[in-house]
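Let's take a walk through this model together, from the overall pattern down to single residues. Have the sequence and the 3D view open side by side.

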Amino acid sequence: MNCDLCGKEVKKAYRVKIDETILDVCEECKAYADEVLGIVEEKEVKKPKMKKPIKEEIFEELEIVEEYGKLIKEKRMEMGLDITEFSRILNEKESVIKRIEEEKMIPNEELAKKIERLLGITLFRKVEKKFIDHGSKDVELTIGDVTELKS
Ligand SMILES: [Zn+2]
């Protein structure tokens, strides 16, 4: 902050009354004050420090392919299977298959494997991800910490 009278930069100012005006002034200008009301201390502004990542890890994760529902539906229709038949073969509820085809649900591994085998498609792909541990107390894998690497 700066002294309201001389403009000098100060860490600590005196809140004073001069001619019925309240001002924050420096030590020297305090002499002109009619009355000292108190001390104003500048709050230290903490700059956010850039944390160095403590650990970086690259790991592989299985990710469902884009438009998996569309892919399943197309392949199923290519094979001339209606959803009822398809569900029966997979030993799965029709509603579940519908939700998967609508991409409202991701099939679990077991079901995905059955679908993959039956339709000859790949539903999951391996992606390399980078996990950066900033050394914070609660290390959580957040979207911000996971960067998908270009393969
Ligand atoms: Zn001053």
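**A guided walk through the fold**

5 bridges join β1 to β2, and the two strands run antiparallel. Strands count as paired here if DSSP finds at least two bridges between them. The strands themselves (E, at least two residues) and the helices (H or I, at least four) are DSSP runs, numbered from the N terminus. Before going further, please keep in mind that this is a predicted model: local features need pLDDT of at least 70, side-chain atom pairs count only at pLDDT 80 or more, and totals for chains, interfaces and linings use all residues. Residues are numbered from 1 along each chain as its sequence is written.

β1 and β2 form a hairpin with 2 residues between them. In that turn, Asp 19 has a positive phi of about 50°. On its other pairing, β1 (residues 12–18) is joined to β3 by 6 bridges, and these strands also run antiparallel. Together the 3 strands form an open sheet in the order β2-β1-β3, with antiparallel pairing. The edge strands are β2 (21–25) and β3 (35–41), each of which pairs on one side only. From one strand to the next, the twist averages 25°.

Tyr 14 is a handy place to look across this sheet. Its bridge partner in β2 is Val 25, while in β3 Tyr 14 stands opposite Ile 39. Further along, Lys 17 stands opposite Glu 35 in β3. In a regular strand the side chains alternate between the two faces of the sheet.

Is β3 largely in the open or buried? A residue is called buried if 20 or more other C-beta atoms lie within 10 Å of its own, exposed if 12 or fewer, and partly exposed in between, with C-beta atoms placed from the backbone. Of the 7 residues of β3, the number buried is 0, so β3 lies largely in the open.

Now zoom out to the whole chain. The protein chain has 4 helices and 6 strands, and along the sequence they follow the pattern β-β-β-β-α-α-α-α-β-β. Buried residues make up 13% of its 151 residues. Two residues are in contact if their C-beta atoms, placed from the backbone, lie within 7 Å. Among contacts between residues at least 6 apart in sequence, 43% join residues at least 24 apart.

Where do the buried nonpolar residues gather? A nonpolar core is a set of buried Ala, Val, Leu, Ile, Met, Phe, Trp, Tyr and Cys residues joined through C-beta atoms within 7 Å. The largest such core has 8 residues in all: Tyr 68, Ile 72, Phe 86, Ile 97, Ile 100, Ala 112, Ile 115 and Leu 123. The elements giving two or more residues to this core are α1 (68–78), α3 (94–101) and α4 (109–119). Apart from it lies another core, of 6 residues, among them Val 10, Ala 13, Val 16 and Cys 26. In soluble globular proteins, nonpolar side chains tend to be buried together.

Leu 123 lies in the loop between α4 and β5 (124–133), and is buried because 21 other C-beta atoms lie within 10 Å. Leu 123 and Tyr 68 are 55 residues apart in sequence and 6.4 Å apart in space, C-alpha to C-alpha. Leaving out residues up to four places away in sequence, Leu 123 touches Ile 64, Val 65, Tyr 68, Pro 107, Ala 112, Ile 115 and Glu 116. With that same exclusion, Ile 115 touches Ile 72, Leu 90, Pro 107 and Leu 123.

The axes of α2 (residues 83–90) and α3 come within 9 Å and cross at roughly 110°. Those axes are lines fitted to C-alpha atoms, for helices over the stretch in contact, and angles run from 0 to 180 degrees between N-to-C directions. Because angles of 65 to 115 degrees count as roughly perpendicular (under 35 is roughly parallel, over 145 roughly antiparallel, and the rest oblique), α2 and α3 are roughly perpendicular to each other. Ile 83, Thr 84, Phe 86, Ser 87 and Leu 90 in α2 meet Glu 94, Ile 97 and Lys 98 in α3.

Finally, visit the loop between α2 and α3, where Asn 91 lies. Its phi is near 60°, a positive value in a residue other than glycine. Asn 91 is exposed, with 8 other C-beta atoms within 10 Å.
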